[in-house]
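Please look over the sequence and the structure below. The text after them goes through a ligand site and then a helix.

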Amino acid sequence: KTGPAMDTLKELASAGEQFDIVFIDADKPNYINYYNFIIDNNLLRLRGVICVDNCLFKAKVYLKDTTYSNGLALREFNEFISNDPRVEQVIVPLRDGISLIRRVSVTSQNSFSQCNTTDDEVFRGVKGRSILDRMHLDGKVAYVTGGGQGIGRAFAHALGEAGAKVAVVDMDQGKAETVAKELHLKGIHAISITADISRSDDVQRMVDTIVSKWGAIHIACNNAGINMNSASEETSLEEWDRTFNVNLRGTFMCCQAAGRVMLQQGYGKIINTASMASLIVPHPQKQLSYNTSKAGVVKLTQTLGTEWIDRGVRVNCISPGIVDTPLIHSEDLRPLVQRWLSDIPAGRLAQVTDLQAAVVYLASEASDYMTGHNLVIEGGQSLW
Ligand SMILES: NC(=O)c1ccc[n+]([C@@H]2O[C@H](COP(=O)([O-])OP(=O)(O)OC[C@H]3O[C@@H](n4cnc5c(N)ncnc54)[C@H](O)[C@@H]3O)[C@@H](O)[C@H]2O)c1
């Protein structure tokens, strides 16, 4: 936009616009007016920064007896900012000087004490952190089993995007490595671990590898699972055992091995992947062992969630509805998609991205009071 700056600012404010960075230059006598308008009208986003160019005016603002109008205007502006309790600033003494200004967090402001505000954690944020800050996973160490594809891959990306270091665990080495590379490309610290979570030695090696690499495990995402279909009267013990060995026994072994580390740390978040099949009996496909194993994952979650919370370890699970992943693209299941759609109020299958916010929430301190919970995300399917 061109034209008088104040007219543009007014237009932007009346359109409800907000900015991450606002750069102020030229028209020095009016810096204060632009600055006040931007702050008063919330044109600057919560964590936004105002950059002010020429704030030292080649150090002329320091000249004692200057009558130079721009130098005086800048001196007045700098003093005004220094005395404004709403913001903090850093002046970078490069060339003409650049000033970086941002709002101080509410915790360090006393200007609000005169306003009629309720001075509590809702207003100031828990430990001074806003709700989105409380969902950040910076500095946290996470692993995701079954992270090589499907839901686990989406979980690994979500946790990494939120700031965690991520170990991508899968029995398929190539897939785990590919996902770890994807994360690395996005600037996320990631490693891949090849492990079969139905084998106790593999599970212990997974945990030991992560602890020796990163020194801790804060987020354990036990997601690997398998699904086989058969009529119950024909379900073989082999199918039952294979399903339970991965889905329930494997998940328990991961919970226990990661849980031991977390109990010692006095902090941890375990997130198991159960299934809507823990609540309803999905049909028309027949999958007794799967349904039963996933109901077991919910009870495992509830039991550990209550047993360990007093020592700082929260255990929750996510129960997705029918998710569009390779798991449901088998020859047996593919033809059933149309049938399933008529059972889903949302009118579509879940995408893996529909589950990402849930895993970040459960991994973050924002969900610290939640434990033993089964978070169902199924487009309403279990309600029909
Ligand atoms: N897809 C769905 O509709 C759906 C719905 C509800 C719950 N779930 C559950 O979500 C989880 C992930 O499902 P998905 O759809 O992404 O599956 P998927 O088959 O697409 O991916 C599973 C991944 O886990 C790995 N894996 C399998 N067994 C393993 C083992 N023993 N050790 C280590 N890795 C192993 C596989 O190599 C694969 O990369 C499973 O627990 C599944 O039961 C899926």
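In the ligand site, an N or O atom in the side chain of aspartate 196 is 2.9 Å from a nitrogen atom of the ligand. The protein covers 93% of the 830 Å² of accessible area that the ligand has on its own (areas by the Shrake-Rupley method with a 1.4 Å probe). The model is predicted: local features need pLDDT of at least 70, side-chain atom pairs count only at pLDDT 80 or more, and totals for chains, interfaces and linings use all residues. Residues are numbered from 1 along each chain as its sequence is written, and side-chain values use heavy atoms, with hydrogens and water left out.

Around the ligand there are 27 residues (each with a heavy atom within 4 Å of it). The closest are Asp170, Asn223, Tyr290, Val323 and Thr325. The side chain of aspartate 170 has an N or O atom 2.6 Å from an oxygen atom of the ligand. For methionine 171, a backbone N or O atom lies 3.3 Å from a nitrogen atom of the ligand.

Helix H7 runs over residues 200-214 (helices are DSSP runs of H or I, at least four residues, numbered from the N terminus). Which residues of H7 are buried? They are Asp202, Val203, Met206, Val207, Ile210 and Trp214, where buried means under 20% relative accessible area with a 1.4 Å probe, protein chains only. Seen down the axis of H7, these buried residues fall within an arc of 135°, so they line one face of the helix (the arc is that of the directions from the helix axis to the C-beta atoms). Just after H7, glycine 215 takes a positive phi of about 80°.

Note on methods: Helix = DSSP H or I, 4+ residues; strand = E, 2+ residues; numbered from the N terminus. Expected span 1.5 Å × (residues − 1). Buried < 20%, exposed > 50% of the residue type's maximum accessible area, 1.4 Å probe, protein only. Polar contact = N/O pair within 3.5 Å; in protein donor to acceptor, adjacent residues only side chain to side chain.
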